[in-house]
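Take a look at the sequence and the structure. This report covers aromatic rings and helix packing.

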Amino acid sequence: MRIGPEHLIEIADAYCDAVGGLAEKTLSHRVFGDSKRLGSVREGADITLGRFNMALEWFDANWPE
């Protein structure tokens with residue numbers, strides 16, 4: 001199974017729902033320090049493996065109970 005940027009968007013959407021409807025730009029800023037990064041990935045932009053892994057680590061550390 002290949003895991004790619006589309007999975008990151010699914011995780012981000014699930015996180016926003018889990019915390020009560022957080023805006024994508026706000027989440028993007030929290031995860032990447034860039035409010036436009038998740039939107040760019042959603043539109044098909046590439047993301048480096050390092051940034052992808054860093055985002056997964058952020059979600060792991062910050063996921064609500």
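## The aromatic cluster

Tyr-15, Trp-58, Phe-59 and Trp-63 make up one aromatic cluster. This is a predicted model: local features need pLDDT of at least 70, side-chain atom pairs count only at pLDDT 80 or more, and totals for chains, interfaces and linings use all residues. Residues are numbered from 1 along each chain as its sequence is written, and side-chain values use heavy atoms, leaving out hydrogens and water.

## One ring pair

The whole structure holds five aromatic pairs. Rings of Phe, Tyr and Trp (its six-membered ring) pair if their centres lie within 6.5 Å; planes under 30 degrees apart are stacked, over 60 edge-to-face, and the rest tilted. Tyr-15 and Trp-58 have ring centres 5.4 Å apart and planes at 65°, so this pair is edge-to-face.

The pair links distant parts of the chain, 43 residues apart. Tyr-15 sits in helix α1 (residues 5–18) and Trp-58 in helix α4 (residues 49–62). Helices (H or I, at least four residues) are DSSP runs, numbered from the N terminus. Both Tyr-15 and Trp-58 are buried (under 20% relative accessible area, 1.4 Å probe, protein chains only).

## How the two helices pack

The axes of α1 and α4 come within 11 Å and cross at roughly 25°. Axes are lines fitted to C-alpha atoms over the stretch in contact, and angles run from 0 to 180 degrees between N-to-C directions. The two helices, α1 and α4, are therefore roughly parallel (angles under 35 degrees).

Contact means heavy atoms within 4.5 Å. Among the residues making this contact are Leu-8 and Tyr-15 of α1, and Phe-52 and Trp-58 of α4.

Notes. Buried < 20%, exposed > 50% of the residue type's maximum accessible area, 1.4 Å probe, protein only. Parallel < 35°, antiparallel > 145°, perpendicular 65-115°, else oblique.
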